[in-house]
Amino acid sequence: MRIRSALTAFALASGALVAPGFGVLTSASDAFAATKISHATATSMFRTTGVTWTSSGGCSNRNNPTCTSFDQLNLATAQGAQTLKRASGCALNITGGTETGHASGTYSHWNGYKLDFGKTSCVTNYVKNTFTYIGPRGDGAAQYKSGSGNIYADEGNHWDVLYYNCGGC
């Protein structure tokens with residue numbers, strides 16, 4: 001009985017740590033508590049669901065802004081891309097990952113929380129017809145919030161997606 005109580009307490013505490021809007025990650029150092037994966041692990045995950053990726057530089061070096069890297073990507077972010085692919089049925093191509101050159105911040109590309117997706121009519125229609133419009137971001141990008149709390153920002157030629165979680169994986 002004591003083990004069950006301990007496990008229940010742990011599960012409740014863990015849920016409170018990752019639930020969007022519930023005191024999540026209170027400092028930048030907390031952001032690194034997420035499970036990080038390698039570029040190879042991410043690409044393997046993406047291949048299994050038909051998610052593709054491109055790099056303007058034809059490379060995956062995290063320290064080169066013309067590359068598309070998945071080094072230090074959060075596991076939940078990779079799972080979120082898989083969830084979007086499965087749920088939308090759209091072709092999904094990643095154009096930006098954890099490489100340098102994106103805006104900084106706790107919930108940033110560099111810290112593994114964001115991916116950029118090429119803009120297609122299928123993805124755009126899915127986001128706009130499925131998620132809730134929540135207004136413009138500070139830079140004017142229209143934002144849509146999924147039921148799980150992830151944020152999709154229309155940056156004109158691509159979708160900038162902030163994954164707090166895997167989107168119901």
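Reader: How much space lies in the second largest pocket?
Author: This is a predicted model. Rolling a probe the size of a water molecule over the atoms shows where empty space is left. For the second largest pocket, that space is about 160 Å³.

Reader: Which residues are the closest to the centre of the second largest pocket?
Author: The pocket is lined by 13 residues. They divide into two nonpolar, six polar and five charged. Closest to the centre are Ala103, His109, Lys114, Glu155 and Asp160.

Reader: How many bridges join strand 5 to strand 9?
Author: The two strands run antiparallel. Gly118 stands opposite His158 in strand 9. The number of bridges joining strand 5 to strand 9 is five.

Reader: Which residue in strand 5 is the bridge partner of Gly96?
Author: Strand 4 (93-96) also runs antiparallel to strand 5, with two bridges joining them. The partner of Gly96 is Asp116.

Reader: Are the faces of strand 5 covered or exposed?
Author: On one side, Lys114, Asp116 and Gly118 are buried. On the other, Leu115 and Phe117 are buried. So five of the five residues are under 20% relative accessible area, and both faces are covered.

Reader: Why do the buried residues of helix 2 lie on the same side?
Author: In helix 2 (39-49), the buried residues are His39, Ala42, Thr43, Met45, Phe46 and Thr49. They lie on the same side because they cover an arc around the axis of only 160°.

Reader: Which residues are exposed on the other side of helix 2?
Author: The buried residues pack against several elements, strand 5 among them. On the other side, the exposed residues are Ala40, Arg47 and Thr48.

Note on methods. Residues are numbered from 1 along each chain as its sequence is written. This is a predicted model: local features need pLDDT of at least 70, side-chain atom pairs count only at pLDDT 80 or more; totals for chains, interfaces and linings use all residues. Side-chain values use heavy atoms; hydrogens and water are left out. On a 1 Å grid over the protein atoms alone, a cavity is a set of points where a 1.4 Å probe fits but cannot get out, and a pocket is an open set with protein on both sides within 12 Å along at least five of seven lines; lining residues have an atom within 4 Å of a point. Grid points are joined across faces, edges and corners, and a volume is the space filled by probe spheres set on the points. Ala, Val, Leu, Ile, Met, Phe, Trp, Tyr, Cys and Pro count as nonpolar, Asp, Glu, Lys and Arg as charged, and the others, Gly among them, as polar. Buried means under 20% relative accessible area, exposed over 50%, partly exposed in between (1.4 Å probe, protein chains only). Helices (H or I, at least four residues) and strands (E, at least two) are DSSP runs, numbered from the N terminus. The arc is that of the directions from the helix axis to the C-beta atoms. Contact means heavy atoms within 4.5 Å. Two strands pair if DSSP finds at least two bridges between them.
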